[in-house]
Amino acid sequence: MITPSRLASTLLVMANMTFYTGLASLPLAQASAVVFFAPVIITVFSWYFLGEEFGPFRWLAVLLGLTGMMLVVQPFSVEIELAYLWPLAAAFCYAGFTTITRHIGRTESAPLLAVTAQGAFLLASGLIGLSVGHGQFAGFADPGIEFLLRAWRWPPPGDIVYLAGIGGLSAVTALSLSFAYRSAQASFLAPFEYAILPLVLLWGYLVFSEFPDSLALFGIVLIAVGGLVVWLDGKRRAGPALFGVFGRQAGTLEGYTYSDALLQSTIVWDADSIDRLFKDGPDVVTPGTKMPIQRMKNAQDRSDLVSFLQSATKTP
């Protein structure tokens, strides 16, 4: 049975596979820049599938990211590289992974999501190794297809330590992503990953002597700027001030843009309603809201949280 967590894990595996396949044909910087079109796709997916609300600045970021991606790929050139379809597919798969993770993050634990993702990698690698790992289908002129189908070989003993380190770092990365995307808007978190772009340019130059042309470099900058626009627009979406929240009707604090669900709500925040919010989740207490709140099953934990909020949010 295909569950949302399994689908998310499958998309993550496909994102990695298509990205590494693209690297077989493309320079590191350009391939990575196309993958970083993913936050733009996440923004659209979050709006369409999750109903997340945002204004013109997010759509400006989408336009900047799309323009930057076009400059990197340069589809208007005489000899367009079809290999760019690999990292573009990776961007769509990764956007699907993060959107689903955001959707199920209110009910699924981060360790479960991380373990499911790593299990999917292990299962997919085993199946691919058994089916094409002997190299019986190799021999393609296309570097990407040849990368997928060439024969597997056992790594030298000295490489085992490096592979184990990569595996450990990948597990930490998956766990960190699961914690992050279940706690905040997917369209807000994604641009933080743009910090990788300068490192990609650096390592591509130092290790492979690769550096993008001026047009592609400008496109990379536009993609990064689009991510920063999303980040700056997202700063005001952390939530309204909690001072004086007890006794206040939901959706009434001036200066904060609420969802329609909260604006139409008649809830008055008190110990009981806040306890129910963390027990049942915002999708039950206020259907249609976009609050990124994790459910708490333990009654004592909720009681301690409510007590803390009562003492910490008194209007100064």
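Helix H10 is followed by Ser 209, whose phi is positive, near 55 degrees. The model is predicted, so local features are given only at pLDDT of at least 70 and side-chain atom pairs only at pLDDT 80 or more, while totals for chains, interfaces and linings use all residues. Numbering runs from 1 along each chain as its sequence is written, and side-chain values use heavy atoms, with hydrogens and water left out.

The protein has 15 helices and 0 strands; helices (H or I, at least four residues) and strands (E, at least two) are DSSP runs, numbered from the N terminus. Of its 316 residues, 41% count as buried. Here buried stands for under 20% relative accessible area, exposed for over 50%, and partly exposed for what lies in between, with a 1.4 Å probe and protein chains only. The accessible surface comes to about 17500 Å², and carbon and sulfur atoms contribute 69% of it; the areas come from the Shrake-Rupley method with a 1.4 Å probe, and for residues only the protein chains shown count as cover. Among contacts (heavy atoms within 4.5 Å) with a separation of 6 or more, 72% join residues 24 or more positions apart.

Back to H10, residues 196–208. Its 13 residues should span 18 Å at 1.5 Å a residue, and the end C-alpha atoms are 17 Å apart, which agrees; the expected span is 1.5 Å times one less than the number of residues. Which residues of H10 are buried? They are Leu 197, Val 200, Leu 201 and Gly 204. These cover an arc of only 100 degrees around the axis, which puts them on the same side of H10; the arc is that of the directions from the helix axis to the C-beta atoms. An α-helix has 3.6 residues a turn, so residues three or four places apart point the same way. Pro 198 and Leu 206, on the other side of H10, are exposed.

Phe 208 also belongs to H10. Not counting residues up to four places away in sequence, Phe 208 touches Leu 28 and Trp 203.

The side chains of Ser 5 and Thr 3 make a polar contact at 3.2 Å. Such a contact is a pair of N or O atoms within 3.5 Å; within protein, one must be able to donate a hydrogen and the other to accept it, and residues adjacent in sequence count only if both atoms are side-chain atoms. Beyond four places in sequence, Ser 5 is in contact with Ile 104, Leu 113 and Thr 116.

Aromatic rings of Phe, Tyr and Trp (its six-membered ring) pair if their centres lie within 6.5 Å; planes under 30 degrees apart count as stacked, over 60 as edge-to-face and the rest as tilted. By this rule there are 5 aromatic pairs. One of them, Phe 19 with Tyr 20, is tilted, at 5.5 Å centre to centre and 55 degrees between the planes. Phe 19 is buried at 17% relative accessibility, whereas Tyr 20 is partly exposed at 43%. Phe 45 and Phe 49 pair edge-to-face, at 5.4 Å and 80 degrees. Together with Tyr 48 they form one aromatic cluster.
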